[in-house]
Amino acid sequence: MDPKSPDDRPQAAAPQSQPQPLEWRFAQVFGERGAGEDVQEVDIISAIEFDKSGDHLATGDRGGRVVLFERTDARGSASRTELERQDYPVARHPEFRYKTEFQSHEPEFDYLKSLEIEEKINKIKWGQTANNALFILSTNDKTIKYWKVQDKKVKRVSVMNLDTSQSSDNGTTSSSSTSSCRGLLPNGGCSEKLCANKDLSLPPGGCASLRLPVVVTGQDLNPVARCRRVYAHAHDYHINSISNNSDGETFISADDLRINLWNLEINSQSFNIVDVKPTNMEDLTEVITCAEFHPTHCNTLAYSSSKGAIRLIDLRQSALCDNHSKLFEEHEAAGSKSFFTEIIASVSDIKFARDGRHILSRDYMTLKLWDLNMDSGPVATFQVHEHLRPKLCDLYENDSIFDKFECCLSGDGLRVATGSYSNLFRVFGGSSGNTEATTLEASRNPMRRQVANPTRPARTLSSLTRAVRRGGENAGADGNGNSNDFSTKLLHLAWHPTENSIACAAGNSLYMYYA
């Protein structure tokens, strides 16, 4: 019997194939500035957030405005015949259009503390949709507002008390409703002393009847924003984050030292659930930097600190959650500490994965992915701009080291993303063994700075969970040797909840990409 060829022999179980790196393409840009055009401070975007469906996108800026965009590509409008003809799904990226905008916050002045409160929007969160209305929470440093945005039919006044056939010599309507109505008496007559318009001709004996104006509701819809609640006077320090609870009834707001729990329907009081303020402020060693509710467990939330720690708390344990249920932190190796160690360890943003199993955190130099079931250390660490480590002294001098970069996860949890300098942002593969590390630029040609970086193990763990460190250790300016522009930084970005689409802010411009 002939020996089997290699192709005919039984094959061992192949390792699970890793997803291919995504090829990102430019989709849209809103507010793109021309060459040499100056950006106004009030127009710089300071917050971005998709709603849960991904059909709406909200941005906030330093001028206190909230701008809403809605999806326009018809995802379900294809006919059955067209769908049957398609042997493979057609790659279509989300397309958005401007919907409306409104002034959420105004500049204020605290006379008791002699403190100016700027109108800048710090965070935006979407509430649950009800009755075709959109609900949005927005906050500046001190005040949180709950907005309702709903399409209303446009109303106009019709059937005026005028004979529009009467015209003046120039062909325009002879009089306005206000000037003509003043001269009409209750019995339909006209007083010449009160009639301001001499061109108005009336029949002998006055008007036969008086027609009242009628308000007619048209078919055109116009979005109208209305402030439903204002939650104020609950924070002594600047609010850094807000987060909606999965129960749809409550939300939290966090400042440097406290986290408060609110009911959406009650703005007169809140409950303090975390308080890290020491008796003596000289003993203060760390502050709260971010807080977020678990996506499905209404009793669980996490908050991060300036020392690089993430604490998980359970609201069922006690009314004041000073004691955490889990602590996630990575200890520095002995002898590796420097003056900048604690500064760059400060966590600027945390996000729960959609499944609630993982937490993504961003400090100044890295992204870290944590497993809620493993508090010994991160399951993966991603180097964002390791080439800046030799320049920490310069970054400290120009205050860039205190920049707060946000992070986001894809809806399937397979990829993570965050921003950097020179309007760059990076996308990493989040699953085990995925070495994807892509550098993109917020421009119409996002892939021109793409860099593929190697993966190296960061720590020794069990065979079930292996932590990896990705992103490369380039010592140059960046992966391509380009110098970094610290004045252009990409701090805010958001990942579409169901598709591979990213929205990011570069100054006053909103760029959108898809893969």
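Contact here means heavy atoms within 4.5 Å.

**Ground rules.** I am working with a predicted model, in which local features need pLDDT of at least 70, side-chain atom pairs count only at pLDDT 80 or more, and totals for chains, interfaces and linings use all residues. Residues are numbered from 1 along each chain as its sequence is written, and side-chain values use heavy atoms, with hydrogens and water left out.

**Entry 1: Ile 502 and the cores.** I looked up what Ile 502 touches, leaving aside its neighbours within four places in sequence. Its contacts include Trp 24, Ala 417, Phe 425, Val 427, Leu 493 and Tyr 511. I then turned to the largest nonpolar core, which has 17 residues. A nonpolar core is a set of buried Ala, Val, Leu, Ile, Met, Phe, Trp, Tyr and Cys residues joined through side-chain atoms within 4.5 Å. Buried means under 20% relative accessible area, exposed over 50%, and partly exposed in between (1.4 Å probe, protein chains only). Trp 24, Phe 425, Val 427, Leu 493, Ile 502 and Cys 504 touch the most other members. Strands S26 (424-429), S30 (493-495), S31 (501-506) and S32 (509-514) each give two or more residues to this core. Strands are DSSP runs of E, at least two residues long, numbered from the N terminus. S31 gives the largest share, three residues. I also noted a second, separate core of 15 residues, with Phe 96, Ala 494, Ala 505 and Leu 510 among them.

**Entry 2: aromatic pairs.** I found 23 aromatic pairs in the structure. Rings of Phe, Tyr and Trp (its six-membered ring) pair if their centres lie within 6.5 Å; planes under 30 degrees apart count as stacked, over 60 as edge-to-face and the rest as tilted. The ring centres of Tyr 231 and Phe 251 are 5.1 Å apart and the planes stand at 75°, so I logged this pair as edge-to-face. Tyr 231 is in strand S11 and Phe 251 in strand S13 (residues 250-254), so the pair ties together parts 20 residues apart in sequence. Both residues are buried. Tyr 396 and Phe 402 make a tilted pair, with 6.0 Å between centres and 55° between planes. Tyr 396 is partly exposed at 31%, and Phe 402 is partly exposed at 39%. Phe 26, Phe 425, Tyr 511 and Tyr 513 form one aromatic cluster.

**Entry 3: the sheet with S13.** I traced four strands in an open sheet, in the order S12-S13-S14-S15, with antiparallel pairing. Two strands pair if DSSP finds at least two bridges between them. S12 (241-244) and S15 (266-275) are the edge strands, each pairing on one side only. Four bridges join S12 to S13. Phe 251 turned up again, as the bridge partner of Asn 244.

**Entry 4: Asp 371.** I placed Asp 371 in strand S22 (residues 366-371). Its relative accessible area is 6%, so Asp 371 is buried. Its side chain has a polar contact of 2.7 Å with the side chain of Arg 357. A polar contact is a pair of N or O atoms within 3.5 Å; within protein, one must be able to donate a hydrogen and the other to accept it, and residues adjacent in sequence count only if both atoms are side-chain atoms. The Asp 371 side chain also reaches the backbone nitrogen of Asn 373 at 2.9 Å.

**Entry 5: Thr 217.** I found Thr 217 in strand S11 (residues 214-231). Thr 217 is partly exposed, at 39% relative accessibility. Thr 217 and Lys 155 are 62 residues apart in sequence, yet 4.4 Å apart in space, C-alpha to C-alpha.
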